[in-house]
Amino acid sequence: MIMQTEVQREKIVRDYSFRKERVSVVKNNILGDIEQPTESERAENILFVGTLNHRKGIDTLLRAVSYLGPSTDIHLDVAGKGPMKDDAERFVEKNALGHHV
């Protein structure tokens, strides 16, 4: 069994009685050289990739974006689906965040 984090590993061992030595952790890493953005490019775009649920914090992220105000030049791209997809879309619409999300 391969998990992405130690927390996931511990949970699978505890909840499903897997032997700890049979569960490995392989983190999501990016291999190769990564070009660092210049100061003017930094923090203009935010990318959320994951399941749209409370545990992953999409609701918290959207609330944070709602505090930015319309003049802030930051854009959030959301890639994922899940049980909070409709709620997230309604929140964006209700709070007029289309210019940010």
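## Basis of the model

Helices (H or I, at least four residues) and strands (E, at least two) are DSSP runs, numbered from the N terminus. This is a predicted model, in which local features need pLDDT of at least 70, side-chain atom pairs count only at pLDDT 80 or more, and totals for chains, interfaces and linings use all residues. Residues are numbered from 1 along each chain as its sequence is written, and side-chain values use heavy atoms, with hydrogens and water left out.

## Confidence

The chain has a mean pLDDT of 84, with 85% of its residues at 70 or more; pLDDT is the predictor's confidence in each residue, from 0 to 100. Helix α3 (residues 85-94) has the highest confidence, at a mean of 95, and strand β1 (residues 2-3) the lowest, at 82.

## Positive phi angles

Ala-96 lies in the segment after α3. Its phi is near 50 degrees, a positive value in a residue other than glycine.

Ser-17, also not a glycine, has a positive phi of about 55 degrees. Ser-17 sits in the loop between α1 (6-16) and β2 (24-25). Ser-17 is exposed, at a relative accessible area of 65% (exposed is over 50%, buried under 20%, partly exposed in between; 1.4 Å probe, protein chains only).

Asn-53 belongs to the loop between β3 (45-49) and α2 (58-66). This residue is buried, with a relative accessible area of 18%.

Leaving aside residues up to four places away in sequence, Asn-53 touches Ile-58, Pro-83 and Met-84 (contact means heavy atoms within 4.5 Å). The side chain of Asn-53 also reaches the backbone nitrogen of Lys-56, at 2.8 Å.

Notes. Polar contact = N/O pair within 3.5 Å; in protein donor to acceptor, adjacent residues only side chain to side chain.
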